[in-house]
Amino acid sequence: MHPRNILQDCNFWELQKNNLGLKKHLRKIRDDYCTINFKDPHALCELSKSLAKTFLHLDLEIPLNRLIPTLPLRLNYLLWIEDIISIESKNNVLGIDIGTGASAIYALIGAKYLGWKFLGTDTDYTCCENAQRNIHCNNLADKVVVKHVKQWDDKLTHLLQGDETQDYTFCMCNPPFFQNPEEVLGFSRSEDRSEPNSICTASPTEVITRGGEAGFVGDLIEESVALQTRVEWYTSMIGIKASLTPLLNLLQTRGVTRVAITEFQQGKTSRWGLAWTFLPSLPPLLTPNPDKASTVYTFDVPNSTRTRVSDFITTTAEKLKVTTQLCPKSSQRETWFWMTADSNTWSHGRRRKRRKLNSGQASSSPDQNIDKAEEEVLVSDKPSQSIVPNQNAPCVPRGCLFHCFVSIASASDSRVSCDFRWILGTDKDALNQFVCYLARNIDQIKSRDT
């Protein structure tokens, strides 16, 4: 679950107190825990409506003969997009939701919770009509527009031909998984895969498409090569991990070297996010590894406060020319911000000291333990793939070494937890080294706190 996801660890018993429609579907497991039957579409619908109302202040109309959205997963996807576009410090965000669905849930959350504007598209008249009702019911007509399109032969090209001056910050889609009814019924499901935990109420057009999700996203990749920066970031949800490899290969074949992936985990459910861009301000990025889609480097600071630790990290980052951007939705327990490094400014001083020590020019100091500190990798995840050069990319003298999301959280035992979540960049090991540098020098505030 994304650390900024406000829908994690929801208490159904507390949720039903202000949502009577959900109350009748609760099943008590023990005194302090209850759940619902996730195979009951009425229960699933009421849960989504209750979450939307309580946490996102959205009123939803969800038809039972169309896909019922699981809100934590949808918010995960949007927050990851926020992570990606934060590298450019965007203020006026305009996104395209390809296949917005009957609830228009991505556009509604993006508009209400994140303040973005959306253009949503769908081939299903029923979905478009219901989406329009949800938009007007929530007074978001000034931020969300829905257009009906005849077919998915192209996802963006005709849509963008009407106004050549309008560019978009990103596009997103949650494509149909399957390419035929047999796959929907599970005839192709491998024996080691468990049965789904919840019911699927989706219409055929919401779950079946030519070539399945790999074909759908593959077509989007081909369109993006022609459209280039008309859309700054092209993204898609991926439901089947096996789809990632052919899609990454296609991107590499088309010379796209600015690619990012992540994994979304909600309980027992895993999905993946795929994003790519043609922005000339970014260098070719580290080739993503589907098996290491999400990497978090972490350390704890005992007997300190969140404010002290946050101030130390941001001040140290500023000295090292690592830029920080505060996330506006920091919670009472956590401080959130993004960090971006264009070059390694924290290793050279240590190397000079090491050379002096080796040559006898410096006296013994704590820096003698530097090699040992660097070997204590907090989360070992060194990239095995090299950067694939793009012959057509402009020469960028300084690039994005790493772009990460940082969470500084207070624990109940006077401990402060620091998490650095990799988003994209050219060198994942550089983030690991930077976190080690901070962890080693955090003693400066430990001594002041004691």
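Predicted model: local features only at pLDDT ≥ 70, side-chain atom pairs only at ≥ 80, totals over all residues.

Me: Why is Ser236 called buried?

Reply: A residue counts as buried under 20% relative accessible area. Ser236 has 0% relative accessibility, so Ser236 is buried. Ser236 belongs to strand β7, residues 231-238. Beyond its neighbours within four places in sequence, Ser236 is in contact with residues including Tyr77, Cys173, Trp272 and Leu274.

Me: What makes the ring pair of Trp116 and Phe118 tilted?

Reply: A pair of aromatic rings is described by the distance of the centres and the angle of the planes. Rings pair if their centres lie within 6.5 Å, and planes under 30 degrees apart are stacked while those over 60 are edge-to-face. The centres of Trp116 and Phe118 are 6.4 Å apart and their planes stand at 35°, so the pair is tilted. A search of the whole structure gives 14 aromatic pairs. Ring pairs also join Tyr77, Trp80, Tyr106 and Phe264 into a cluster.

Me: Are Trp116 and Phe118 buried or exposed?

Reply: The limit for a buried residue is under 20% relative accessible area. Trp116 has 4% relative accessibility and therefore counts as buried. Phe118, at 3%, therefore counts as buried.

Me: What makes Lys155 a charge over the ring of Phe216?

Reply: The distance limit is within 6 Å of the ring centre, and the charge must also be within 35 degrees of the ring normal. The charged end of Lys155 sits over the ring of Phe216, at 4.3 Å from its centre. Arg4 lies over the face of Phe405, with 4.5 Å to the ring centre.

Me: Which residues have the most contacts inside the largest nonpolar core?

Reply: They are Trp116, Trp233 and Leu424, in a core of 64 residues. Helix α4, residues 71-85, supplies the largest share of this core, ten residues. A second, separate core has 33 residues, among them Leu119, Cys171, Leu220 and Val231. In soluble globular proteins, nonpolar side chains tend to be buried together.

Me: Which residues are in contact with Trp233, leaving aside its neighbours within four places in sequence?

Reply: Among them are Ile84, Ile85, Phe170, Trp276 and Leu424. Contact here means heavy atoms within 4.5 Å.

Definitions and conventions:
Residues numbered from 1 in each chain as written. Heavy atoms only, no water. Phe/Tyr/Trp six-rings, centres within 6.5 Å; stacked < 30°, edge-to-face > 60°. Buried < 20%, exposed > 50% of the residue type's maximum accessible area, 1.4 Å probe, protein only. Core = buried A, V, L, I, M, F, W, Y, C linked by side-chain atoms within 4.5 Å. Helix = DSSP H or I, 4+ residues; strand = E, 2+ residues; numbered from the N terminus.
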